[in-house]
Amino acid sequence: MAPQMIFVNLPVRDLDASKAFYERLGYSINPQFTDETAACVVISDTIFAMLLTEEKFRSFTAPGKEISDATKNTEVLITLSAESREKVDELAEKALAAGGSPAKEPMDMGFMYGRSFADPDGHHWEVFWMDVAAAEGEASQG
């Protein structure tokens with residue numbers, strides 16, 4: 001059985017700028033699912049971000065619903081795991097260098113560490129690392 005995949009659909013104001021941002025984070029664009037109205041960002045073998053022009057995004061939504069302005073409203077928090085604290089920092093720093101902005105202060109709970117950023121359209125991304133064994137120990141003590 002094939003693994004389950006997730007496609008996060010995000011409205012963007014400038015498709016080319018958004019593609020460039022995600023490529024600067026080290027992700028690739030799948031040309032098979034990319035045209036002048038959409039781009040498929042490959043985050044992993046099972047995780048994809050579909051960047052859709054606002055017009056294209058609107059064609060997928062329920063009639064009469066407005067597209068949220070992610071620079072003013074929180075629509076969703078998109079969270080990715082990382083294999084280490086260093087990888088959390090690496091992706092967050094790449095995002096900031098590529099034109100993203102900090103979304104909130106870093107979170108450090110010892111067994112879990114995370115950083116966040118907003119992409120150029122204001123979509124809120126979280127990146128976290130967790131020591132699973134330590135987290136399970138925390139849960140059993142709690």
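Q: Buried means under 20% relative accessible area, exposed over 50% and partly exposed in between (1.4 Å probe, protein chains only); why is serine 84 called buried?
A: The relative accessible area of serine 84 is 17%, which is under the 20% limit, so the residue counts as buried. This is a predicted model, in which local features need pLDDT of at least 70 and side-chain atom pairs count only at pLDDT 80 or more, while totals for chains, interfaces and linings use all residues. Residues are numbered from 1 along each chain as its sequence is written, and side-chain values use heavy atoms, with hydrogens and water left out.

Q: Where does serine 84 lie, and what does its side chain reach?
A: Serine 84 sits in the loop between strand E5 (77-81) and helix H3 (85-97); helices (H or I, at least four residues) and strands (E, at least two) are DSSP runs, numbered from the N terminus. Its side chain reaches the backbone nitrogen of lysine 87 at 3.0 Å, a polar contact because the N or O pair is within 3.5 Å, with one atom able to donate a hydrogen and the other to accept it (residues adjacent in sequence count only if both atoms are side-chain atoms).

Q: What caps the N-terminal end of H1?
A: Aspartate 14 does, with a side-chain oxygen 3.2 Å from the backbone nitrogen of aspartate 16.

Q: Which residues of helix H1 (residues 15-24) are buried, and how do you know that they line one face?
A: Leu15, Ser18, Lys19, Phe21 and Tyr22 are buried. Seen down the axis of H1, they fall within an arc of 160° (taken from the directions from the helix axis to the C-beta atoms), so they line one face. Asp16 and Arg24, on the other side of H1, are exposed. Just after H1, glycine 26 has a positive phi of about 100°.

Q: In what sense do strand E3 (residues 38-42) and E4 pair?
A: In the antiparallel sense, over five bridges, with alanine 38 opposite leucine 52. E3 and E4 form a hairpin with four residues between them.

Q: What does asparagine 30 touch?
A: Asparagine 30, in strand E2 (residues 28-30), touches Cys40 and Val42, not counting residues up to four places away in sequence; contact means heavy atoms within 4.5 Å. Its side chain also reaches the backbone nitrogen of glutamine 32 at 2.8 Å.

Note on methods. Pairing = 2+ DSSP bridges.
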